Amino acid sequence: MECVFGLVGNGFAIVAADTSAVHSILVHKNNEDKIMVLDSHKLIAASGEPGDRVQFTEYVQKNVSLYQFRNGIPLTTAAAANFTRGELATALRKVTSFPTLSYELRGVRNPYSVNILMAGYDKEAGASLYYIDYIATLHKVDKGAFGYGSYFSLSTMDRHYRSDMSVEEAIELVDKCILEIRSRLVIAPPNFVIKIVDKDGAREHAWRQSVQDVTTASV
Amino acid sequence: MSIFEYNGSAVVAMVGKNCFAIASDRRLGVQLQTIATDFQRISKIHDRVFIALSGLATDVQTLYQRLVFRHKLYQLREERDMKPETFASLVSAILYEKRFGPYLCQPVIAGLGEDDKPFICTMDSIGAKELAKDFVVSGTASESLYGACEAMYKPDMEAEELFETISQALLSSVDRDCLSGWGGHVYVVTPTEIKERILKGRMD
């Protein structure tokens, strides 16, 4: 039931993600930030299996930093997206060995079950959004979404999206999508986080909370 | 649903008089949902050889990267471009290498060989080459494409007529297939020029 979606506007890209950490029928927490700041001008919004989501996005973040340390310049968004796709594609078919009859039983690694929307801003290319699904399909898009929420958010964005939207108009569209998800998805996540990336960098823009975490102290 | 039908695709290539045309649809989907309507399935290897890959999009992208790499290496070593027949054999070998864990793609290769003689071929996901003198098809809409091409094809068409024929065959076939469509992408290649055109068909 994880909802992640994003769109590109006039000189910026916005991504929104739900913030529920769910295990079967239990909601562990409802303020889990699923949008990682990759570097100063990149965001990764990831959805999928929680362990893979955190481990893989951190792995990408550290490698992006390593490139910057080694080469003195940051990766472009396209390069970071292609690096991410490469790692997912390699893991997709990595087979360590067939189990042998002897004591060693090295199992097959399974692919990372993470779907990613990577948003970034480069001086030359402007704002861009990359759709990378868990089997390493990469595509540059103007609007993208993952999860059950995508059935509602993609259609809403198709209806109202224009390529030269301002930040205010884009936030209105994001709010329309969140409203649609909340009203039409059966176990709709209550809270969302919205992050934006533009020439001034990647940062958190807003939260949309309908349920706050309650601590025992306040009860 | 078969894994070959996960993303949806339609690809066709036709032979004309000293020219060839290669066309594909533009939809990138995830089963029933459409993700993008501008997905590139046809890639230029060099000015006289094109490859279009249908099937699972992730393998289309991986295979394309591997083939471009191999061709660049060939260019460095041989100081010339690959002939289309040679390139087809290379693709076949690369696909068979993964015989027991294959790339889930079916390529269509088209090129101009010696004396500007057009060459087309297709292969299955493990590299079984299928040469043809007239047309080759691949993808989720392949059955419709076979019918449409058989009906519309004539030998020795000039570039303009070939473009019309392949476009009509592609659009009418993808209209009967829910997983492919959203326009078309056609390259018509003659010894002197490469013409790339985008078709607007039923956008659904």
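I count a salt bridge when a side-chain nitrogen of Lys or Arg sits within 4 Å of a carboxyl oxygen of Asp or Glu. This is a predicted model, where local features need pLDDT of at least 70 and side-chain atom pairs pLDDT 80 or more, while totals for chains, interfaces and linings use all residues. Side-chain values use heavy atoms, without hydrogens and water.

**Salt bridges**

Lys42(A) pairs with Asp39(A), closest N and O atoms 3.1 Å apart. I checked burial (buried is under 20% relative accessible area, exposed over 50%, partly exposed in between; 1.4 Å probe, protein chains only). Lys42(A) is buried at 2%, and Asp39(A) is buried at 12%.

Next I took Asp158(A) with Lys143(A), at 3.0 Å between the closest N and O atoms. Asp158(A) lies in helix H3 and Lys143(A) in strand S10 of chain A, so this pair ties together parts 15 residues apart in sequence. Asp158(A) is exposed, at 52%.

**Sheet**

My helices (H or I, at least four residues) and strands (E, at least two) are DSSP runs numbered from the N terminus. Strands pair if DSSP finds at least two bridges between them. I find five strands in an open antiparallel sheet, ordered S10-S1-S2-S11-S12 in chain A. S10 (143-146) and S12 (201-209) of chain A are the edges. S11(A) and S12(A) pair over eight bridges; Val193(A) has Trp207(A) as its bridge partner.

Helix H3 (150-160) of chain A lies across S1 and S10 of chain A. I also see H4 (167-184) of chain A packing on the sheet, touching S1, S2, S11 and S12 of chain A (contact: heavy atoms within 4.5 Å).

Terms used: Residues are numbered from 1 along each chain as its sequence is written. Chains are lettered from A and ligands numbered from 1 in the order in which they are written. Axes are lines fitted to C-alpha atoms, for helices over the stretch in contact, and angles run from 0 to 180 degrees between N-to-C directions.
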